[in-house]
Structure formats: structure tokens, C-alpha cells
There are 2 protein chains.
Amino acid sequence: LESKPVDYFQALLEPLHAADIADLLEQLSGGEREQLIELMGDLFDAEVYSHLDYTVREDVVEDLDTEKMAEIVNDLASDDAIDFLEDLDEEEQRELLDAIPAEDRAFYEKHLSYPDESAGRLMQREVVTVPSFWTVGQTIDHMRDKKIELPDDFYNLIIVDPSHHPVGMVKLSKLLRTKRPTPIANIMWEDMKIIPVNMDQEDAAYLFRQYGLVEAPVVEEGGRLVGVITVDDIVEVLDEEHEEDILKLGGVKEDDLYSDVVETTRLRFSWLLVNLGTAIAASLVIGLFETALEKVVALAILMPIVASMGGNAGTQTLTVAVRALATNELTTSNAFRIVGKEVLVGGINGILFAILMGLVSWAWFQDPALGGVIACAMVVNMLAAGLAGTLIPLGLEKLGKDPAIASTVFLTTITDVVGFFSFLGLAAWVLL
Amino acid sequence: LESKPVDYFQALLEPLHAADIADLLEQLSGGEREQLIELMGDLFDAEVYSHLDYTVREDVVEDLDTEKMAEIVNDLASDDAIDFLEDLDEEEQRELLDAIPAEDRAFYEKHLSYPDESAGRLMQREVVTVPSFWTVGQTIDHMRDKKIELPDDFYNLIIVDPSHHPVGMVKLSKLLRTKRPTPIANIMWEDMKIIPVNMDQEDAAYLFRQYGLVEAPVVEEGGRLVGVITVDDIVEVLDEEHEEDILKLGGVKEDDLYSDVVETTRLRFSWLLVNLGTAIAASLVIGLFETALEKVVALAILMPIVASMGGNAGTQTLTVAVRALATNELTTSNAFRIVGKEVLVGGINGILFAILMGLVSWAWFQDPALGGVIACAMVVNMLAAGLAGTLIPLGLEKLGKDPAIASTVFLTTITDVVGFFSFLGLAAWVLL
């Protein structure tokens with residue numbers, strides 16, 4: 001990287017899309033990245049920054065001076081600028097806000113006062129509004145007025161009443177196809193979804209998906225229009241939520257692909273510690289049956305199979321339930337039916353695998369009674385798996401917790417404990 | 001459901017959005033659903049259908065006659081109609097195609113010839129094209145022409161050359177703000193992404209996300225424009241891919257929330273069977289150390305802890321790797337660094353938990369040598385977990401397989417086998 005002149009890199013990067021430059025920066029190690037950004041000079045701009053991954057941004061921001069940061073914030077659309085400001089710690093935020101024009105500063109301060117991951121953080125304030133008493137002609141003339149600054153991308157006009165409440169929306173394609181004297185109120189559609197500024201971004205994303213929205217007005221308390229959310233912001237939210245769901249189910253707190261070794265180790269540690277606790281709990285259950293294990297060594301050999309099958313059947317149920325809760329497909333009105341179905345599915349598969357494993361054990365250890373014991377334990381544990389796989393996420397949701405986050409650990413604790421207890425307990429009772 | 005008159009239901013459902021009616025239908029059991037659809041009469045239309053979940057659609061389609069189906073297909077936008085046709089079996093497809101106008105039929109037949117989950121299936125053919133030699137005025141006049149049918153929603157015009165190749169796009173907002181005599185070619189942007197009709201829908205979604213696209217032209221071989229993909233289709237694809245990723249990692253073949261008990265049991269069975277195989281393999285490893293287990297029962301009590309910690313650490317790594325592969329963040333250029341990092345993280349956490357668990361075991365069984373054995377086995381298994389958690393998904397990707405689908409089962413097989421073998425093997429060597 002050092003042997004080449006600065007021009008070389010700039011010429012190399014110049015033709016690339018900002019998103020691709022960002023990808024390139026992400027792939028480098030911390031030190032190389034810092035070097036390249038220095039070499040890039042003005043090529044490192046707001047656009048490239050906005051495409052970087054969150055973890056990488058934090059790294060990059062540390063190396064920028066306030067002047068460069070202020071330049072980036074001024075160049076970003078308001079929603080991306082908010083993203084930028086969010087990444088900074090309080091002191092840096094203060095410093096940066098002091099360096100940008102007073103008018104913008106007030107806006108950003110207000111925005112940062114909205115809750116994290118709310119519609120207010122997601123929206124952009126640049127929105128094209130038209131009073132409801134205008135005609136199509138007036139609207140078009142207004143938009144043609146060079147003095148008026150319009151956002152880069154917009155697909156609808158938002159029609160507002162005198163107190164600036166949104167009353168309808170007009171598609172640009174509709175506007176183009178309508179004669180000038182028509183009142184704008186005649187061509188607006190009124191059943192748009194209005195999003196309160198405090199709404200959680202996940203709920204906003206749900207509305208967009210459910211109703212196939214492209215744009216939705218955002219209002220503050222009292223109903224005044226304060227901004228607009230577009231579908232491209234929603235694509236990002238969906239992506240984030242997707243990442244969150246999948247990582248939480250896998251026992252990872254946050255995406256640590258770009259974190260360094262120490263940070264990653266720290267992030268993973270706490271989940272593993274919880275898991276150690278539950279694993280020890282399961283071992284205590286095994287410990288209850290020391291005498292049985294001493295007498296019949298086959299029990300030690302077979303017991304992981306019962307626990308493993310329960311864990312896997314439970315994970316299947318859990319995955320479907322967590323996903324259904326996230327998409328609002330599992331609700332209180334059908335919860336009872338779904339739980340019943342999952343227990344039934346667990347029971348049927350339990351019986352099938354009980355027969356299979358019973359025969360395998362019988363053949364392996366030449367002991368029909370042992371086969372019977374493992375078969376019964378298998379059915380019990382897979383019924384428990386179906387029950388726990390649905391009730392745990394439903395319960396967490398009821399308590400207002402995210403069902404994805406701790407479900408897996410609760411589930412495997414239950415299937416391990418039930419698996420070991422039913423198998424070893426039955427064995428102790430029948431075989432000894 | 002039966003006691004009320006038909007009008008009652010129609011009055012009840014009338015004011016609801018189609019997406020909400022679809023949700024209601026999804027929540028009902030099969031029999032109730034059939035009944036309600038019958039009661040709904042004309043209220044059950046293309047729009048409601050297009051919002052139904054795939055599994056439910058299959059169910060619903062069985063109860064419709066060809067006439068009703070043809071009506072639905074005619075009312076749907078072309079991309080949704082394709083969706084509808086895809087759900088049918090071949091015979092029904094043929095029957096339905098014969099019942100719709102010949103012109104549309106040819107179009108649908110062509111569309112159905114594109115590969116499953118390709119851009120061709122996703123696109124809509126309704127697209128507003130403008131020859132590159134027109135002026136803004138001509139374009140606006142053309143769009144105002146009542147005789148010309150335009151799609152309901154569009155945000156860009158696609159500018160084409162005489163051989164119908166896309167050469168640029170013009171935002172409607174830009175069109176509105178430009179003077180009539182300006183040539184349309186002067187205001188178009190040319191660096192749009194052009195999507196080949198055979199591109200996988202996941203790759204198309206990647207382009208939309210990476211470059212923040214709202215609309216992209218789709219071309220057939222040779223470069224002729226055949227349709228357009230809009231971001232709302234992409235939102236659905238992202239949602240589907242999300243579902244696929246999360247379900248596959250959880251060992252579920254497809255979303256079976258709305259499947260009946262028998263179907264669900266069948267879908268879950270094959271994965272559980274694979275898991276039974278690997279669980280038996282792990283037990284065979286345990287069986288190798290029968291003598292050690294007979295002599296030291298503490299080994300049977302502690303061995304699940306080693307396996308469980310390896311499995312969980314491996315799942316963490318695996319989740320991050322699968323996710324990074326899906327978003328193209330893990331590539332051959334940084335694979336080596338990421339694998340190294342994960343092994344290091346596994347090693348460090350391995351040492352920390354080895355110390356912890358070593359002390360716990362020592363205290364529990366009053367045996368320092370046993371503590372040492374479990375500590376060593378823990379380090380070995382967590383190193384293996386870091387290695388397997390990255391190499392398995394990378395290997396599957398290299399082989400052209402989906403890394404999500406079988407990663408978990410390979411991983412737990414490895415962590416179980418390595419966990420049991422290192423712990424029991426070391427114990428047999430040191431303690432006996």
C-alpha cells in the first residue's frame with residue numbers, strides 16, 4: 001500500500017460506486033483502512049461513509065477531525081446525518097453540532113431527542129407538501145420554481161391542511177397525467193398510513209410490508225407533519241432486524257465480524273457463561289443418578305441421544321414460533337391452536353423416533369428393557385420440546401421481551417433436563 | 001360462523017384492507033377458512049389473494065373454480081399473476097391459461113419459462129419507456145394521453161434506444177421540474193443497474209440493497225428491455241430470503257406454520273433423522289471409552305458440558321459466518337483473516353472457560369487431575385468450534401451449496417465428537 005503514489009489509488013477508486021469503495025474499506029484490517037482513507041483524501045466523502053458497516057464507522061470516525069465530520073454531515077440527507085451523529089459519543093456530538101449551521105443544529109438536536117430505533121430517527125425531514133386547496137397547475141408551477149429546494153428522491157406529494165396535518169397523498173405519476181385546473185384534493189388518495197414519530201422502526205417496517213407502501217408521512221404528537229419515511233429506509237431496517245433475529249437465535253449479541261479479537265471474545269463470553277450455567281444444571285441432574293450410571297454404562301453412552309433429539313426438535317419449533325411472532329402471524333387468537341399442533345407434531349415424531357431408537361438400542365446392547373426405556377424417554381422429551389418451543393417465545397413476548405434473544409438457552413435447558421431426567425430416572429426405576 | 005347471515009360478514013369485512021382480510025383468513029383453521037371465503041363472495045378478490053401466505057394459497061386455490069381463478073389472474077399485476085400461476089400444478093395451470101386472453105397467455109407462458117426465483121419471475125412487464133430522441137414536452141404529452149395504459153405505480157421512465165435497449169432512466173420528479181423543450185436524453189441518469197432476466201432474485205435484491213435502488217430495468221439476452229423490478233418486490237424477496245435463512249439454520253425445511261400436523265411432521269422428520277445419525281455417531285465415540293466410564297462415573301456427569309460449550313461457541317461463529325456470506329461480507333479475500341480471528345476467539349474463550357470449569361470440577365469431585373482434564377478438553381473443543389464454525393459454511397459455499405442449510409448438523413457433529421473424544425480420551429490416559 002505504501003509503495004504506490006497517491007494518484008495511483010485515487011485513479012483506481014475514482015470510477016467505483018461509493019457502496020463498493022465502502023465494501024473495500026470493510027475488507028481491510030484496521031491499520032490498512034486508516035492508511036487508505038488518508039490516501040483517499042476528498043474521495044472519502046459522506047456517500048462512502050453512509051455505506052459503511054456500523055462497527056467500521058466507529059473505527060473510522062475516531063480518525064476524522066471535526067471539520068471533516070461537519071463537511072460529511074452537511075452533505076448527507078437528514079436521515080443519514082442522524083445516523084452519523086448517533087454513532088458519536090456525547091462529547092463528539094456536542095463538538096460537531098457546534099460546528100454546523102444553527103438552523104440545522106436545532107433540527108438535529110430535536111431528532112436526537114426521539115427514542116432510538118423510532119420512526120423519528122428513520123424519517124427524513126425533506127418532504128414536498130402541498131396545501132389541499134391548490135390546483136394541479138399551481139402544484140406543478142411550485143415544483144418548477146427553481147428557488148424551492150426539493151429532495152433528491154420522492155414519489156408522492158403530501159397534501160396538508162392549514163394546520164399542517166397530512167390529509168392525503170398524490171402520486172407523481174398521477175399528477176403528471178392530470179389536467180392543470182383540477183383541484184389537487186380531487187386526485188389525492190386518503191387511506192395512507194400515518195406514522196407517529198415515536199413508533200418503533202420495526203412496527204413501521206411491518207406497515208410498509210403489510211400494505212406495500214413506498215412512502216409514509218410521519219407526524220408528531222398532535223398530528224403535525226414532521227417528515228417522511230421512504231421504502232429504501234425500510235429495506236435497511238428489515239436488513240437490520242433480520243440480522244438481529246438471526247444473530248440472537250445464534251447466541252451472538254451483535255454483528256462482530258469487523259470487531260477485533262478482544263471485543264469479539266468479550267461479546268461472546270457472556271452468552272457462553274449463561275450456557276455454562278445451564279450445562280452444569282443439566283449435569284447436576286445426571287449426578288442424581290450416579291448409582292444407575294455406575295451399574296449400567298450403556299446409560300452414559302445413550303443419554304446424549306435423548307437430549308440431542310429433544311434439543312433439535314425444540315429448535316425447529318422455536319424457530320418457526322420466533323419467526324411467526326416477528327411477522328405477527330402468531331397472535332393470542334391462534335396461539336392455543338399452534339401450541340397444540342406443535343405438541344402433537346412433537347408427539348408423533350417422538351413416537352416414530354422412539355420406535356427407531358428403541359430397536360437400535362435393543363440391538364446395540366442386547367437389552368429389550370433398555371430399548372423400552374429410551375423409547376419412552378424420547379417421547380416424553382419430544383413432547384416437552386414441542387411445548388417449550390412454543391411456550392417460551394410466547395411467554396417472552398407476553399413479558400415484553402424479544403422472543404429471539406434468550407429462547408434458545410431456556411429451550412435447551414429444558415430439553416436437557418427433561419431428557420436426562422426421564423431417561424436416567426426411568427432406567428433407575430426399571431433396570432435396577 | 002354459521003349462525004349469522006351473509007350480509008353480516010360482508011359488512012364486517014368491507015372496510016378492511018385486503019392485507020388485513022388475508023391475515024384474518026390465515027388465522028382460521030382450514031374448514032373455517034373455506035366457509036368464510038364462500039361467504040365472502042366477491043369480496044375475495046385478487047388483492048386479498050396476493051396477500052395470503054404461500055401455504056394458505058395452495059389450500060385456497062384447491063377450492064376455487066377456473067372461472068374465479070381467471071378473474072383473479074386478470075385483475076392482478078403481471079408479477080403477482082405469475083406468483084398465482086406458479087402455485088398451481090401443471091394441469092391446473094394449463095386449464096387456467098386456456099381461460100385467459102391469448103395475448104396475456106403468451107406472456108405468462110414466456111414468464112413461466114424463466115427459472116424459479118429469477119429476476120424474470122419477479123419483474124412486471126408494465127413499464128413506461130420513452131425513446132431517447134424525445135423532448136420532455138413530448139414525454140409529458142404521451143403520458144397524458146388517455147388512450148395509453150400506464151402501470152399504477154412507477155417512479156422512473158426508462159429511456160430506450162431504437163432497438164429497445166435501456167440507455168438511461170429519468171425520475172418523475174426530475175421530469176416535472178424540467179422545461180418542455182429539453183431533450184429527455186439531457187436529464188436521464190445513465191449509471192443505472194441493468195438486471196439480466198436470468199439473474200437469481202437474491203442477487204437482484206443484493207443490487208437493490210447495495211446501491212439503494214428503487215427501480216431497475218430487466219433485459220433479456222441480447223439486451224432488449226422486457227420489464228422492470230421495483231423495490232416493493234425486493235422487500236418481499238428480502239423477507240423470503242430472511243425466512244429461508246432463519247428456518248434453515250433452525251433445521252426447518254420450509255415455513256410450516258400453516259401446514260397441517262401430518263405435513264409438518266413429515267417436513268421436520270428428515271432433519272431429525274439426520275440428527276439421530278450424528279447423535280449415534282457421537283455415542284459410538286463415547287462407547288470407545290466404556291472402561292473409563294465404568295471406573296470414573298464423574299466422566300459421564302461432566303462430558304455433556306464439554307460438548308455443549310463447544311456446540312454453543314461453534315454456533316456463535318457459524319451464525320456470524322453464514323450471515324456474512326449471505327451479505328457478501330465474507331469473501332475469499334478476507335476468509336483467511338476471519339478464520340484466524342475466530343479460532344483465536346475460540347481459543348481465548350476456551351482458556352477462560354477451561355480455568356472456570358477446571359476449578360468447578362476440582363471442587364465438585366475433589367479431584368485436581370479431573371479438573372485439568374476437563375480444562376484441556378474445553379480448550380481443544382472450543383478451538384475446533386472456531387475452526388469448524390467458519391470452515392464449514394465457507395466449504396459449503398465453495399461447493400455451491402447454501403451455507404445455511406446443513407451447517408448446524410455438521411458443526412454439532414464435530415463439536416460433539418471432538419468434545420467427547422478429547423475429554424474421555426484424555427481422562428482414560430491421565431486418570432486410569
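This briefing describes helix contacts, strand sheets and salt bridges in the structure above. The model is predicted, so local features need pLDDT of at least 70, side-chain atom pairs count only at pLDDT 80 or more, and totals for chains, interfaces and linings use all residues. Residues are numbered from 1 along each chain as its sequence is written, chains are lettered from A and ligands numbered from 1 in the order in which they are written, and side-chain values use heavy atoms, with hydrogens and water left out. Helices (H or I, at least four residues) and strands (E, at least two) are DSSP runs, numbered from the N terminus.

**Helix contacts in chain A**

- The axes of helix α16 (residues 261-287) of chain A and helix α21 (residues 403-431) of chain A come within 9 Å and cross at roughly 15°; axes are lines fitted to C-alpha atoms, for helices over the stretch in contact, and angles run from 0 to 180 degrees between N-to-C directions.
- This crossing makes α16(A) roughly parallel to α21(A); angles under 35 degrees count as roughly parallel, over 145 as roughly antiparallel, 65 to 115 as roughly perpendicular and the rest as oblique.
- The crossing of α16(A) and α21(A) is right-handed, a term used if the near helix is turned clockwise from the far one by less than a right angle.
- The contact of α16(A) with α21(A) comprises eleven nonpolar, three polar and one charged residue; Ala, Val, Leu, Ile, Met, Phe, Trp, Tyr, Cys and Pro count as nonpolar, Asp, Glu, Lys and Arg as charged, and the others, Gly among them, as polar.
- Helix α5 (residues 54-62) of chain A and helix α7 (residues 78-87) of chain A have axes that come within 10 Å and cross at roughly 70°, and α5(A) and α7(A) are therefore roughly perpendicular to each other.
- α5(A) passes α7(A) in a right-handed crossing.
- Y54(A), R57(A), E58(A) and V61(A) of α5(A) meet D83(A), F84(A) and D87(A) of α7(A), which gives three nonpolar, no polar and four charged residues.

**Sheet β1-β2-β3 in chain B**

- Three strands of chain B form an open sheet in the order β1-β2-β3, with mixed pairing; two strands pair if DSSP finds at least two bridges between them.
- β1 (129-131) and β3 (166-171) of chain B are at the edges, each with a single partner strand, so one side of each lacks a neighbour in the sheet.
- The twist averages 35° from one strand to the next.
- β1(B) and strand β2 (residues 156-160) of chain B are parallel and share three bridges, and V130(B) stands opposite I159(B) in β2(B).
- β2(B) and β3(B) run antiparallel, joined by five bridges, and I158(B) stands opposite M169(B) in β3(B).
- The hairpin of β2(B) and β3(B) has five residues between the strands, and H164(B) in the turn has a positive phi of about 65°.

**Sheet β4-β5-β6 in chain B**

- An open sheet of three strands in chain B has the order β4-β5-β6 and mixed pairing.
- Two bridges join β4(B) to strand β5 (residues 215-219) of chain B in the parallel sense, and P196(B) has V219(B) in β5(B) as its bridge partner.

**Salt bridges**

- The structure holds 28 salt bridges over all chains, each a side-chain nitrogen of Lys or Arg within 4 Å of a carboxyl oxygen of Asp or Glu.
- D239(A) forms a salt bridge with R209(B), and the closest N and O atoms are 3.0 Å apart.
- This pair crosses between chains, from helix α15 (residues 231-249) of chain A to helix α14 (residues 201-211) of chain B.

Methods
Contact means heavy atoms within 4.5 Å.
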